[in-house]
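Dear colleague,

I am handing over the structure below, and my notes on what was found in it follow directly after. Please read them alongside the coordinates.

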Amino acid sequence: MRLKDKVAIVTGAGQGIGEAIARRMAEEGAAVVVNDVNAANGQKVAKDITDKGGRAVFCEGDVTRLAANEAMAAAATKSFGRMDVFVANAGVTHWNKPMLDVTEDEFDRMFAVNVKGVYQAARACVPVWEAQKSGNMIVIASTAGIRPRPGLVWYNATKGAVIIAVKAMAAEFGPKNIRFNAICPVATETPLLAHFMGGDNADNRSRFNATVPLGRLGQPLDHANAAVFLASDESSFITGVDLPVDGGRCI
């Protein structure tokens, strides 16, 4: 049990990578606050965890709002007595298309969820962690923030922003024993896959897989396993990293 006695919050945990992270952390002994804006999905994940003998509660909330992030922190401390890990996973993208075709509404939504969401999470968590004298934030960024490609220009920009923010926060709060790290997934089998590839079909999959040295798309479990490592004491001397989980895509 690598996360025994730890308490984790996972945003956007109703499906995809967030769901996989919540489930793996529970399997490794963590108590988990499952967050999602889709109450039905989030409640199902939390119930499945508890039905299998794990510890989980659901907390609905929009990550772009400070009050929602504070409510998650409060749910963790009320239900489980503390808050050790916050996984900022919730994210959105636009359909793969030319930069000039991205609408202002799409731009605003991506920066609100992908960047402001991390800002609000940090504002809610850091005071708790300062009082607790320890804390650990894991941001789900993207290889798009390391090796940006055409078609996802402004999504790339949001992920580049949070990668830099993670490094800066790691430097600022390291002396207070608060760690910040990012995981950078490659295109992964989630409901957003079609958006990233401009359509989910055999040809697009084949073309993309050919650009990955290990020859396949990511799986949610790949990123969940990385998150468990960064949440565990095994990574206690690691902070400020952007960890590609990408089959070699960024080489």
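Ile9 of strand 1 has Val33 as its bridge partner in strand 2, and Val33 in turn is partnered with Val57 in strand 3. Helices and strands here are DSSP runs (H or I over at least four residues for helices, E over at least two for strands), numbered from the N terminus. This is a predicted model, in which local features need pLDDT of at least 70 and side-chain atom pairs count only at pLDDT 80 or more, while totals for chains, interfaces and linings use all residues. Residues are numbered from 1 along each chain as its sequence is written, and side-chain values use heavy atoms, with hydrogens and water left out.

Strand 1 (residues 7-10) and strand 2 run parallel and are joined by 4 bridges, whereas 6 bridges join strand 2 (residues 31-36) to strand 3, again in parallel. These strands belong to an open sheet of 7 strands, ordered 3-2-1-4-5-6-7 with parallel pairing, where two strands pair if DSSP finds at least two bridges between them. Strand 3 (55-60) and strand 7 (242-245) stand at the edges with a single partner strand each, so one side of each has no neighbour in the sheet. Neighbouring strands are turned by 20 degrees against each other on average, direction ignored; axes are lines fitted to C-alpha atoms, for helices over the stretch in contact, and angles run from 0 to 180 degrees between N-to-C directions.

Within strand 1, Val7 and Ile9 point one way and Ala8 and Val10 the other, and all are buried (under 20% relative accessible area, with exposed meaning over 50% and partly exposed in between, for a 1.4 Å probe and protein chains only). Helix 5 (residues 153-173) lies across strand 5 (135-140), strand 6 and strand 7, running at about 160 degrees to strand 6.

Ala75, in helix 3 (residues 66-80), has a relative accessible area of 16% and, apart from neighbours within four places in sequence, is in contact (heavy atoms within 4.5 Å) with Val33, Cys59 and Phe80.

Turning to charges, side chains of opposite charge can pair when their charged atoms come close. The count comes to 17 salt bridges, each being a side-chain nitrogen of Lys or Arg within 4 Å of a carboxyl oxygen of Asp or Glu. One of them joins Asp48 to Arg23, with the closest N and O atoms 2.9 Å apart; this pair links distant parts of the chain, Asp48 being in helix 2 (residues 39-51) and Arg23 in helix 1 (residues 16-27), 25 residues apart. Another joins Lys167 and Asp242 (2.8 Å, N to O), and because Lys167 lies in helix 5 and Asp242 in strand 7, the pair ties together parts that are 75 residues apart in sequence. Lys167, at 34% relative accessibility, counts as partly exposed, as does Asp242 at 22%. Salt bridges that share partners join Glu19, Arg23, Lys44 and Asp48 into one network.

With kind regards
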